[in-house]
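Hi everyone, thanks for coming.

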Amino acid sequence: MVEFQAPKGVPEYYPPRSSAFLSVRDALAYPARHAGYEYIELPVFEDTALFVRGVGESTDVVSKEMYTFTDRGDRSLSLRPEGTAGVMRSIVENRLDKGPLPVKLWYAGPFFRAERPQHGRYRQLQQVGIEAVGGDDPALDAEVIALADEGYRRLGLQKYRLDLTSLGCAQCRPAYRALLTSFLVGLELDEPTRARAHVNPLRVLDDKRTEVIDQLVGAPLMVDHLCEACGEHYNSVRSFLADAGVRWTEAPRLVRGLDYYTRTTFEFTHELLGAQSGIGGGGRYDGLMESVGGGSLSGIGFGLGTDRTLLACEAEGLDVASRPRLDVFVVPIGNLARHVSVGLLAELRAAGVRVDMAYGERGLKGSMKAADKSGAPLVVIIGDDEVAAQVVQVKDMQQGTQQSISRQMVVDEIRRSIVEETQ
RNA sequence: GUGGGUGUAGCUCAGCUGGUAGAGCGCCGCGUUGUGGUCGCGGAUGCCGCGGGUUCAAGUCCCGUCACUCACCCCA
């Protein structure tokens with residue numbers, strides 16, 4: 001048994017899977033980056049009060065899942081459980097909301113929740129997120145959702161679904177909430193569920209137990225009680241989504257665990273992931289910025305789970321990191337050749353070629369084995385004969401063919417063959 | 001936080017009713033002169049998760065503990 005282990009529930013990504021993790025993260029961020037969203041790097045911990053006020057005191061995330069600690073200045077800080085509140089804080093603090101609107105940002109990194117770990121649920125989770133702040137144009141909602149969808153599509157994912165609904169606003173939700181509450185009090189519910197209904201009646205709607213679901217058949221739904229403005233907004237969002245070519249499922253019982261969501265709300269789930277099926281989600285938040293001390297700008301955003309998306313790719317058998325890690329592997333024979341090789345390595349790297357060489361005295365056979373395992377399609381072999389003749393041997397590992405190329409020409413030759421291959 | 005399952009070589013796992021550890025894969029080496037993958041041969045590696053108990057004897061039974069895992073809950 002090893003002396004030290006990574007903290008409970010914290011996933012690590014090491015080779016070879018780490019390259020797949022990077023590919024997933026990049027694929028999820030790509031659509032937003034190419035839609036003009038700019039990068040924002042945020043603190044991993046913030047003032048605890050930011051999350052309490054922003055995310056909501058009654059949420060499970062804040063009430064029992066935060067890693068909270070006191071620093072040496074006696075300040076209460078918490079590892080961020082989600083990204084949106086921090087983005088809002090930064091926008092307000094750095095006056096980004098005084099510039100052109102909407103402010104469009106993307107971020108990626110770790111978030112922390114002190115939950116019981118299980119497949120796809122981690123205490124340190126990785127997310128890629130975007131926020132579009134300072135606009136309530138329903139086309140913006142559609143854009144955000146479409147960018148998430150495109151990320152999953154880029155990876156080749158197929159067995160996922162987009163659930164969509166509207167949670168109304170400060171105008172219409174309170175009345176609906178009262179209606180739902182009066183409906184719920186008439187049901188046969190156990191104590192924890194009653195408590196939940198008291199804290200947030202909406203949350204009872206997505207209960208998974210059949211005995212609860214059966215009782216919810218006639219429950220009033222938010223989408224049937226939207227005010228005129230929210231109803232119109234939601235219709236427009238759906239219309240723009242259709243224009244964007246995104247397919248969704250109406251999910252009138254969709255509820256999210258964070259209090260700030262209003263109007264458009266969505267979640268992506270993958271069918272092969274078991275209990276932790278949510279691979280991404282998000283929605284509109286109209287009052288969030290005000291609640292953290294900013295102006296009354298509304299926004300919309302999403303958080304996509306990098307860990308779970310990777311699991312989803314693996315569940316679908318997708319090879320998300322098929323590109324070899326190297327273009328060339330150099331095999332020197334003898335000390336003289338090692339000097340030539342080091343020089344060649346520098347030139348190749350400067351030319352943008354991804355290259356490694358056989359270090360250590362392994363002998364030609366061992367070096368060739370290492371070359372094979374490196375996955376590089378080309379191997380450059382240099383021995384005394386080659387040094388004397390000022391050439392190198394370039395071997396195509398797949399074909400098994402080999403040709404002698406002059407030392408002078410070899411960098412250009414290799415670069416050319418790589419360009420051809422990537423076309 | 002609440003339940004269930006599992007913990008044996010780097011990995012996947014076998015080890016029947018208790019008698020001092022095995023396979024496949026991987027790794028390293030060899031198959032003579034400067035060439036990988038296939039094949040053949042050889043080799044290294046285990047406090048059998050940890051602690052206690054029962055027993056002449058425990059990987060094997062009992063208790064505890066830790067870790068992992070699945071579900072609830074929650075969510076990415």
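**Two open sheets**

Let's start with β3 and strand β4 (residues 76-79), which pair in the antiparallel sense over three bridges; strands here are DSSP runs of E, at least two residues long, and helices are runs of H or I of at least four, both numbered from the N terminus. Two strands pair if DSSP finds at least two bridges between them. Within β4, serine 76 is the residue opposite threonine 70.

A word on the basis: this is a predicted model, where local features need pLDDT of at least 70, side-chain atom pairs count only at pLDDT 80 or more, and totals for chains, interfaces and linings use all residues. Residues are numbered from 1 along each chain as written, chains are lettered from A and ligands numbered from 1 in written order, and side-chain values use heavy atoms, without hydrogens and water.

Back to our strands: they belong to an open, antiparallel sheet of three, ordered β2-β4-β3. β2 (45-47) and β3 (68-70) are at the edges with a single partner strand each, so one side of each has no neighbour in the sheet.

Now the other sheet: open, five strands, mixed pairing, in the order β13-β12-β14-β15-β16. Here β13 (355-357) and β16 (401-406) are the edge strands, each with a single partner, so one side of each lacks a neighbour in the sheet.

Inside it, β12 (residues 328-332) and β14 (residues 378-382) pair in the parallel sense over five bridges. Phenylalanine 329 has valine 379 in β14 as its bridge partner.
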